[in-house]
Amino acid sequence: MTQGIPHFAVVGNPVGHSRSPAIHQEFGRQLGLALRYETLLAPVDGFAETIRGFFDNGGAGLNVTLPFKEEAFALADHLSERARLAGAVNTLWMRDGNLHGCNTDGVGLLDDIQRLGAPPRDKRILLVGAGGAAKGVIYPLLEAGCSALRIVNRSAERAHQLCEQVRALLPQHAARISAGSLDEAQGQWDIVVNATSSSLSRQAPPLPGAGYSPGSLAYDMFYAAQPTAFMQQALAQGAGQAADGLGMLVAQAAASFAIWHGRRPDTAPVLQILRRQLDA
Ligand code: NDP
């Protein structure tokens with residue numbers, strides 16, 4: 001390890017495709033902070049050993065990606081409120097010999113939809129998907145004051161389970177949250193978030209009955225050089241604007257960076273660089 005330069009990594013499997021090293025190096029350059037940030041491949045059955053080895057060797061912080069976010073949650077000695085409510089951790093660091101975990105995915109989404117001019121306050125939000133990414137964004141969206149949050153999922157059972165978990169953890173928000181199948185997305189929505197991995201197979205989740213209010217935002221957490229199938233479907237069905245999840249990726253990285261370095265980078269120039277790289 002280079003003496004004195006703090007060492008960070010994103011740990012996952014697979015992880016070679018991750019854009020986190022490029023994002024964090026750009027943040028460091030912007031703020032004049034020297035840092036090393038790499039990818040770290042962990043065996044599927046060897047996550048705990050991998051992260052122990054990383055921190056034993058003086059590592060300063062880790063981002064966690066698929067499929068380890070729930071394992072990171074289970075291993076952390078101290079969890080932030082966001083991590084506890086998400087049931088998943090994407091940011092780890094060591095303090096006084098204790099492993100700390102936070103989840104910045106939700107605030108990443110929140111930052112990005114605010115950047116797009118769609119703050120969630122008083123908005124009706126349809127959240128499509130009930131996997132790890134959906135779980136991470138529910139609490140920040142409710143806290144941000146949306147008027148209704150409906151979770152719909154291919155497996156309706158999973159959406160109902162998630163809804164019940166949130167109601168139990170956040171009884172003060174119980175009246176604003178509901179769940180159903182993809183066929184039960186009826187309504188006029190101000191924000192529709194695609195938190196499914198359907199875009200990986202170039203498909204849009206079928207959402208019969210889901211309507212877009214004037215000026216609404218359709219947001220796909222997936223990102224790609226071309227508008228995703230979900231974004232195209234949403235615009236054809238009347239969404240005011242459609243965006244992909246590249247801005248969320250940069251914003252969640254900025255929140256992790258702020259935890260580790262105590263300074264918040266400007267996401268706009270880094271998002272521009274990444275978009276150019278993706279389009280190239
Ligand atoms: P999970 O595997 O935990 O969950 C997958 C979800 O997608 C489930 O709700 C699943 O439904 C649903 N799904 C999968 N295929 C289809 C399909 N063909 N039609 C309808 N629903 C489908 O994945 P994650 O929650 O971790 O990730 C979801 C997406 O979010 C991915 O595209 C990922 O890249 C993106 N993401 C983006 C981030 C960013 O920073 N931009 C951060 C984190 C994630 P079922 O339960 O029925 O199987």
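I began with the lining of the largest cavity, where H6 gives the most, with 4 residues. The model I am reading is a predicted one, and I kept that in mind throughout.

**Entry 1: the cavity**

I looked up how many cavities of 30 Å³ or more the structure holds, and the count is 1. The volume of the largest cavity comes to about 50 Å³. Its lining is made by Arg82, Leu85, Ala86, Asn103, Gly106, Val107, Lys135, Gly136, Tyr139 and Pro140.

Which helices each supply at least two residues of that lining? I found helix H4 (81-86), helix H5 (105-115) and H6. By class, I noted 5 nonpolar, 3 polar and 2 charged residues in the cavity lining. Domain 1 (7-103 + 247-279) and domain 2 (106-244) each give at least three residues to the lining of this cavity.

**Entry 2: the largest pocket**

Next I turned to the open spaces. The largest pocket holds about 1,600 Å³ of space. I counted 45 residues in its lining, and Leu66, Ala133, Thr196, Ser197 and Leu200 are the closest to its centre.

Four elements each bring at least two residues to this lining: strand E3 (61-64), helix H3 (69-75), helix H6 (132-143) and helix H9 (246-261). Which element has the largest share? My note says H9, with 3 residues.

I also sorted the lining of the largest pocket by class and wrote down 20 nonpolar, 19 polar and 6 charged residues. As for domains, at least three lining residues of the largest pocket come from each of domain 1 (7-103 + 247-279) and domain 2 (106-244).

**Entry 3: the second largest pocket**

I then checked the second largest pocket, which has about 170 Å³ of space. The residues that line it are Ser199, Leu200, Arg202, Phe222, Ala224, Gln226, Pro227, Thr228, Ala229 and Gln232. They divide into 5 nonpolar, 4 polar and 1 charged. I was pleased to meet Leu200 again here, having listed Leu200 among the residues closest to the centre of the largest pocket.

**Entry 4: the ligand**

Which residues come nearest to the ligand? Of the 20 residues around the ligand, I wrote down Ala133, Asn153, Arg154, Arg158 and Met221. Ala133 was already in my notes, as one of the residues closest to the centre of the largest pocket.

From Arg158, a polar side-chain atom lies 2.6 Å from a ligand oxygen. From Ala130, a backbone N or O atom lies 3.0 Å from an oxygen atom of the ligand. From Leu249, a backbone N or O atom lies 3.5 Å from an oxygen atom of the ligand. On its own the ligand has 930 Å² of accessible area, and the protein covers 79% of that.

**Entry 5: the backbone**

I finished with the backbone. Most peptide bonds are trans, and most residues other than glycine have a negative phi. With that in mind, I searched for exceptions.

Where are the cis bonds that I noted? One runs from Asn13 to Pro14, with omega near 0°. Pro14 sits in the loop between strand E1 (7-12) and helix H1 (20-31). Another cis peptide bond joins Leu66 and Pro67, with omega about 0°. I placed Pro67 in the loop between E3 and H3, two elements that I had already listed for the lining of the largest pocket.

What is the phi of Asp96? It is positive, about 50°, although Asp96 is not a glycine. Asp96 lies in the loop between strand E5 (91-95) and strand E6 (98-102).

Terms used
Residues are numbered from 1 along each chain as its sequence is written. This is a predicted model: local features need pLDDT of at least 70, side-chain atom pairs count only at pLDDT 80 or more; totals for chains, interfaces and linings use all residues. Side-chain values use heavy atoms; hydrogens and water are left out. On a 1 Å grid over the protein atoms alone, a cavity is a set of points where a 1.4 Å probe fits but cannot get out, and a pocket is an open set with protein on both sides within 12 Å along at least five of seven lines; lining residues have an atom within 4 Å of a point. Grid points are joined across faces, edges and corners, and a volume is the space filled by probe spheres set on the points. Ala, Val, Leu, Ile, Met, Phe, Trp, Tyr, Cys and Pro count as nonpolar, Asp, Glu, Lys and Arg as charged, and the others, Gly among them, as polar. Domain bounds come from an automatic or database domain assignment. A residue is near a molecule or strand if one of its heavy atoms lies within 4 Å of it. A polar contact is a pair of N or O atoms within 3.5 Å; within protein, one must be able to donate a hydrogen and the other to accept it, and residues adjacent in sequence count only if both atoms are side-chain atoms. Accessible areas come from the Shrake-Rupley method with a 1.4 Å probe; for residues, only the protein chains shown count as cover.
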